[in-house]
Structures are given as C-alpha cells and as structure tokens.
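Let's take a walk through a protein model together, one piece at a time. Have the sequence and the 3D view open as you read.

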Amino acid sequence: VAHTLQNELHVDSSENGLLYAEPNHNGRAARERLVELFFETFQVPALYLARSAVLAAYASGRTTGIVLDMGHSGISAVPILEGSLVKDKFLRTDIGGAAMSAALKTQLATAGKNISPIWSFKRTTTRAEDGTVTHSEATPIHRPGITQSFEQYSITRLLEDAKAGLCRAYDSPRVNLAELVVPESTWELPDGNVVRMTSEKFVAAEQTIFGELPHVATGSGSDQ
C-alpha cells in the first residue's frame with residue numbers, strides 16, 4: 001500500500017480520501033484491520049470499502065446481476081442486488097489460474113518440457129540457408145544473484161504465456177477428451193523446445209477449473 005500511494009501515485013494520503021476495492025470474501029476481522037491500517041498508518045481523512053464485484057457491476061452500468069470473477073487464486077460467482085452484495089449467497093473456490101498453471105507445468109514436465117526463464121541459459125542455434133532453424137541448444141547459466149522469488153515470478157510469467165497460447169476449455173460438458181480429433185497447436189519455449197498439443201490442450205482446464213472443485217465455499221464472509 002505504501003509503495004502504491006507514495007511511489008506510484010505520488011499522493012499525500014493524509015490529504016486524500018480513499019476508495020478501496022476489497023475481495024468479495026473479506027471477513028469482518030480483515031475489514032476492521034484495513035480500516036485501522038489506513039486511518040492510523042496512512043492518516044487518510046476518509047475511507048470507503050467497496051466489494052470488488054459491486055464495483056464491477058457499476059462499471060458495466062448495472063446495479064443488479066451476477067458477477068463472475070475468475071482470477072489467479074480463485075473463482076467466485078457473486079449475486080448483486082440493487083448495488084449490494086447478496087449476503088451468504090455467493091460461491092467461491094480456491095481453484096483458479098494458479099492451479100491451472102501448476103497443472104500445465106506438471107503436464108509439460110511429464111512430456112519432458114521444462115520451463116526455463118530466458119536469463120537462465122544461453123541458446124545457440126544453427127540455421128539453414130533459408131533461415132530455418134536446424135538445431136537449437138540451451139546451455140544453463142548459473143546466476144548467483146537471482147532470488148528464488150524472482151525465479152518463480154519468471155516461471156509464472158512463462159506459464160501464463162504458454163497457457164494463453166495452448167490451453168483451451170471445451171464448449172461441451174459431456175465430451176470424452178480421449179476421443180477428440182482437434183487441430184494441433186504449437187508453442188515454442190524460450191529454450192527452443194516446441195510443445196505440440198492436440199486434445200492435450202484441454203487437460204489443464206478440464207481437470208482443474210472445470211473438474212471436481214473441492215474447495216467451494218459459500219457466503220459473504222462479512223461475519224468471519
């Protein structure tokens with residue numbers, strides 16, 4: 001919060017009211033802690049907490065509807081009635097984009113395709129006269145100054161790109177993926193490895209987001 005206010009927005013928090021978009025499942029304890037943080041630490045003169053689903057509905061010019069939020073750490077379906085979140089009626093699961101990325105990473109590793117950030121190797125390629133790559137080799141480079149968090153961030157970015165380029169959700173809930181005949185999709189990893197998928201492109205989404213959802217929770221979280 002301090003970085004956003006001071007380094008990105010360059011504002012004096014003591015002179016500006018603040019509208020904070022909070023998660024739909026935020027409980028009472030979390031909301032009280034937020035209010036305490038903003039008033040006592042950042043000295044804001046005014047603070048309004050708004051559920052993100054309500055703001056999303058307002059942004060679409062509506063005050064009533066169902067907001068579907070699919071994010072990195074979870075998915076939620078939130079009913080909004082006349083500008084207010086309907087208490088104890090929304091659904092949320094912790095299965096989201098992160099789980100799908102992890103499933104894709106496992107799927108690629110099983111196929112012998114490891115995700116390596118571009119700074120972690122030196123790539124040497126050999127090309128034919130027409131410019132076609134005939135041979136590609138990646139030699140690992142040791143980078144002692146790279147932190148584990150930055151390495152994980154780099155891998156996550158690569159997985160996000162690969163996921164967008166390869167993964168799909170099938171448009172029918174009753175389909176046997178093993179019997180699908182679909183066009184092949186390809187994706188080249190930074191180290192030169194080419195991933196080729198046919199029906200495998202549906203596996204990550206169907207087994208995580210649209211498969212069994214073991215962490216579905218209901219409610220508004222306002223009394224937690």
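Start with a pair of strands: Ile66 has Pro79 as its bridge partner in β4. Helices and strands here are DSSP runs, with H or I over at least four residues for helices and E over at least two for strands, numbered from the N terminus. Before going on, note that this is a predicted model, where local features need pLDDT of at least 70 and side-chain atom pairs count only at pLDDT 80 or more, while totals for chains, interfaces and linings use all residues. Residues are numbered from 1 along each chain as its sequence is written, and side-chain values use heavy atoms, with hydrogens and water left out.

Back to the strands. β3 (residues 65-70) and β4 run antiparallel and are joined by six bridges; strands pair if DSSP finds at least two bridges between them. Together β3 and β4 make a hairpin, with four residues between them.

Most residues other than glycine have a negative phi. Glu82 is not a glycine, yet its phi is positive, about 50 degrees. You'll find Glu82 in the loop between β4 (75-81) and β5 (84-85). Is Glu82 buried or exposed? At 65% relative accessibility, Glu82 is exposed (exposed is over 50% relative accessible area, buried under 20% and partly exposed in between, using a 1.4 Å probe and protein chains only). His10 also has a positive phi, near 55 degrees. His10 sits in the loop between α1 (2-8) and β1 (18-22), and is exposed, with a relative accessible area of 62%.

Now look at two helices. Packed helices are described by the angle and the distance between their axes. For α4 (residues 97-110) and α5 (residues 148-166), the angle is about 85 degrees and the axes are 10 Å apart. Axes are lines fitted to C-alpha atoms, for helices over the stretch in contact, and angles run from 0 to 180 degrees between N-to-C directions. So α4 is roughly perpendicular to α5, a label used for 65 to 115 degrees. Which residues of α4 make the contact? They are Gly97, Met100, Ser101, Leu104 and Lys105, and they meet Ile155, Leu159, Glu160, Ala162 and Lys163 of α5. Contact means heavy atoms within 4.5 Å.

Next, visit the other hairpin. Strand β9 (residues 185-188) runs antiparallel to β10, with four bridges joining them, and Trp187 has Val195 as its bridge partner in β10. Five residues lie between these strands, and in this hairpin Gly192 takes a positive phi near 100 degrees.

Definitions and conventions
Parallel < 35°, antiparallel > 145°, perpendicular 65-115°, else oblique.
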